Amino acid sequence: MSDQHIDPAGNTQQFRAFAQRSEQESAAAAKKSPVLPIIAVVVVVAIIGVAAFLLLR
């Protein structure tokens, strides 16, 4: 029976490492998310500006 004993401290440490890693990844992903919409708005404004310039020439 002693061969089947699993040390819970190892599992807890692994879980804590996993939890900290996923918190850091989600924080990094949250910082990156506003960049894409800003770039999209800039591209749309540039396209509208070019189209207006070509139509008013």
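The expected span of a helix is 1.5 Å times one less than its number of residues. Helices (H or I, at least four residues) and strands (E, at least two) are DSSP runs, numbered from the N terminus. The model is predicted: local features need pLDDT of at least 70, side-chain atom pairs need pLDDT 80 or more, and totals for chains, interfaces and linings use all residues. Numbering starts from 1 along each chain as its sequence is written, and side-chain values use heavy atoms, without hydrogens and water.

The protein chain has two helices and zero strands. Helix α2 covers residues 35–56. Its 22 residues should span 32 Å at 1.5 Å a residue, and its end C-alpha atoms are 32 Å apart, which agrees.

Burial is absent. Buried residues (under 20% relative accessible area, with exposed over 50% and partly exposed in between; 1.4 Å probe, protein chains only) make up 0% of the 57 residues in the protein chain. In α2, the count of buried residues is likewise zero. Ile39 lies in this helix. Ile39 counts as partly exposed because its relative accessibility is 48%.

The protein chain exposes about 5500 Å² (Shrake-Rupley method, 1.4 Å probe; for residues, only the protein chains shown count as cover). Carbon and sulfur atoms supply 68% of that area.
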